[in-house]
Amino acid sequence: MDMWLYTDNSKMSIPVSRQLYSAESEYQKIAVFESPQYGRLLTLDGDILFSAADEFIYNEMVVHVPMSVHPCVKNVLIIGGGDGGVARELIAYPEVENIDVVEPDEVFIEACREYFPDITRAFDDRRVNIIERDGLRFLRGKVGEYDLIINDSTDPFGHTEGLFTKEFYGSCYRALKDDGIMVYQHGSPFFDEDETAFRAMHRKAYSTFPISRVYQAHIPTCPSGYWMFGFASKKYHPINDFNPVKWNARGIKTWYYTTNLHIGAFMLPRYVEELLIEAEKNEIKAVFR
Amino acid sequence: MLRSVWRRQSQAQLIQKIEQSRMNFRGFFIFPDIWRNIMDIERQKSAPLYEALEAFRRRRVVPFDVPGHKRGRGNPELAQLLGEKCVGLDVNSMKPLDNLCNPVSVIKEAEELTAEAFGANHAFFMVSGTTSSVQTMVLAACKAGEKIILPRNVHKSVINALILCGGIPVYVKPAVHPDIGIALAMETAEVEKAVLENPDAVAILVNNPTYYGICSDLKAITKLAHDHNMLMLVDEAHGTHLYFGENLPCSAMEAGADMAAVSMHKSGGSLTQSSLLLLGKNMDPGYVRNIINLTQTTSASYLLLSSLDISRRNLALRGKESFAKVVKLAAYARDEINCIGGYYAYGSELIDGVTVSDFDVTKLLVYTQGIGLTGIEVYDLLRDEYDIQIEFGDIGNILAYISIGDRIQDIERLVGALEDIKRLYSKDPNGLYLGDYVQPEVVYSPQQSFYAQKESLPLEKTAGRIAGESIMCYPPGIPILAPGERVTEDIIHHIRFAKEKGCSLQGTSDQNADYLQVIKE
């Protein structure tokens, strides 16, 4: 069985040995496959969300980058995150007191619990609260509550598209404390269709937050294999306020993230840098209030 | 080889025979009147026009008729854009598919099913928008020099119909809500006054619900009209759902109106430009069809027609649940928006039995001046900054159209965006102008003034003169000035304010609306 994914113009195929699960929730079609190369794969509406073989890259990069910059994170909000991977990385930090996981799709959570028990194990940690609600709805009215918000929603197209909008960035800005950080997945700048979404995303974050930088990782099952993250912050700069000594002293075992890689991840190829500079042009920083 | 060709032909012939016998059976099956008002769900499951189109498509008929794109082959870019199925169904009238100008088979059946579903005596499929339905109502009711009683806040299509037929408008002044600045219902007492003062009027026209969801007391006004030998016409462009949802305001046919223009493409889900005209029992369908055929195309689009047929079926079978969902979504959005503060999303609390007889709760209207922004400014911000397109923004309000296609996550986006707009863009509300409704002085009939000798003057210099053309913000398309009305300083101020705030002004020959055509003195 062949699986085709991604755009009209470019396809990547992954041999799959069998299908383990399929269900349709109110929001999406969820399926789990077994593949010789990537282990278990989870797809949403036919697109790969993550595989057991490379999920660590994504999860480590959205957690350890902000955690090594912010001096003391106590209250964290994860938007999406029903697979538990982000929460799993976070529970390694003892100073974190509370982790809210806001995931509207309970079918998705159940599928992950069943087929990816190693990823969802964080859900048993007493600091983790799962809230089944729409992300935008949850954020409404929240002011100055979180040190860190991680937008772990899937895609700027489809049912989570509301989580890639200006109103979402605005709501996150407001829900963060005065020194809060927001990390979000920024997609890939390589293919045309995504390039547009990539520019738009940076424009929105750039106009909403005083500091907004983009960093990169290599994730094989993501389209083009090259994936970006956004680092939007009210106070801390991802490089200038980065504290590698403190982070290394924690002794957290990672597979992808290192403090050397941290700095490298913000060093972008020229074509990406130019895209970002172009997106920043004509964009006026919001009056911060 | 030959054998298989023969078999395919005979199969096609068989399908055609079955189709025909089925159609004949239905055609001869006449329903007694008493069954008319009760919608038969089994019958409503069929969609005769759509089924005929499907049967036609399967026959793979070779086209030596128009349209010249020949199932899209002659215009590959168009086929790419719209899809092969869509361009393949863009066909011309022919015997198996009936003809809209004089329906005798599948269109006739589809119209009958529609009439049944809406509780009407007759239904016409319309392909030039609800504008054509409204114009047909006016043209069918009123001849040159005859009076028609109507509220001034009608859609431009009504006034344009009066330009065509030479009818004389008698305006009933609607009250204006003091806080949110919207025009309210046709008060029954005001209508009665107009009826008594103009016993020679031939019809009363009401827009119900208005764009703003405001409903008049249709039953009382219909009785008033019929007691005085007048026709009752209802511009129901924003009321398709009233026929199918539960606990919604009274529909025109239920109230006993004589004609109603129903925008199926608004809340009914059909394609843009498709519409319905419904007739009550006093109207002669033959005469109305003649009126329609005065201006209607002889090449009606089957995409539009079949969309009407399918939408009618969908509404008849699933309308009740769909609109219950719409009501729920709108109520949720209203509550959430009212929690933000500054905005006012209004609902049934406006009902007072006089100026607002009922309110259409599927409409999500929000008064925005509480955060110091006009509706049009919020409308522009939503589109430019948040990629959210709403139906319209006027000086004080916005309308977000909630329909059978909406999802909760989109509602969350809208509410989230309104909250963010308040955070980033709110201003001091002092100094905003809400605009007062001014009952215009009608000096000449719309037709007289439209065809009169005119001159073009800068807007500022037109006070005291008589307008020779309309001017309106679009949307909502309700004229601020109609031909034959006297221009006042208030009206000029209103137009300039609307323009300054970014309303798109239409109706004037000068596309920038800096100049206005007035009647030569």
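A salt bridge is a side-chain nitrogen of Lys or Arg within 4 Å of a carboxyl oxygen of Asp or Glu. This is a predicted model, in which local features need pLDDT of at least 70 and side-chain atom pairs count only at pLDDT 80 or more, while totals for chains, interfaces and linings use all residues. Residues are numbered from 1 along each chain as its sequence is written, chains are lettered from A in the order in which they are written, and side-chain values use heavy atoms, with hydrogens and water left out.

**Exercise 1. The interface**

Task: Find out how many salt bridges cross the interface of chain A and chain B, and which elements of chain A supply at least two residues each to the side that touches chain B.

Solution: 
- Step 1. Start with the partners: 20 residues from chain A and 20 residues from chain B take part in the contact (heavy atoms within 4.5 Å).
- Step 2. Look at the area. The two chains bury about 1800 Å² between them, with 44% of it on carbon and sulfur atoms; buried area is the accessible area (1.4 Å probe) that two parts lose on being put together, summed over both.
- Step 3. Apply the salt-bridge rule, which finds six across this interface. One pair to look up is Lys166(A) with Glu385(B), where the closest N and O atoms are 2.8 Å apart.
- Step 4. Turn to the elements, where helices (H or I, at least four residues) and strands (E, at least two) are DSSP runs, numbered from the N terminus. On chain A, α5 (135–139), α6 (166–175) and α7 (192–208) each supply at least two residues to the side touching chain B. The most come from α6(A), with six residues.

**Exercise 2. A helix in chain A**

Task: Which residues of α10 (residues 270–280) of chain A are buried, and how are they arranged around the axis?

Solution: 
- Step 1. Use the cut-offs: buried means under 20% relative accessible area, exposed over 50%, and partly exposed in between (1.4 Å probe, protein chains only).
- Step 2. Val272(A), Leu275(A), Leu276(A) and Ala279(A) are buried.
- Step 3. Seen down the axis of α10(A), these buried residues fall within an arc of 95°, so they line one face of the helix. The arc is that of the directions from the helix axis to the C-beta atoms.
- Step 4. Recall the background: an α-helix has 3.6 residues a turn, so residues three or four places apart point the same way.
- Step 5. Find the neighbours: the buried residues of α10(A) pack against α7, β12 (211–218) and β13 (226–233) of chain A.

**Exercise 3. A helix in chain B**

Task: In α10 (residues 188–197) of chain B, which residues are buried, and which are exposed on the other side?

Solution: 
- Step 1. Val191(B), Ala194(B) and Val195(B) are the buried ones.
- Step 2. Their arc around the axis is only 100°, which puts them on the same side of α10(B).
- Step 3. On the other side, Ala189(B), Leu196(B) and Glu197(B) are exposed.
- Step 4. The cover over the buried residues of α10(B) includes β2 (147–151), β3 (168–172), β4 (203–207) and α11 (218–227) of chain B.

**Exercise 4. A loop in chain B**

Task: Where is Lys70(B) found, and what is its phi?

Solution: 
- Step 1. Lys70(B) is in the loop between α4 and α5 of chain B.
- Step 2. Its phi is positive, about 50°, although Lys70(B) is not a glycine.
- Step 3. With 23% relative accessibility, Lys70(B) counts as partly exposed.
- Step 4. Pro67(B) is also found in the loop between α4 and α5, and a cis peptide bond joins Val66(B) to Pro67(B), with omega about 0°.
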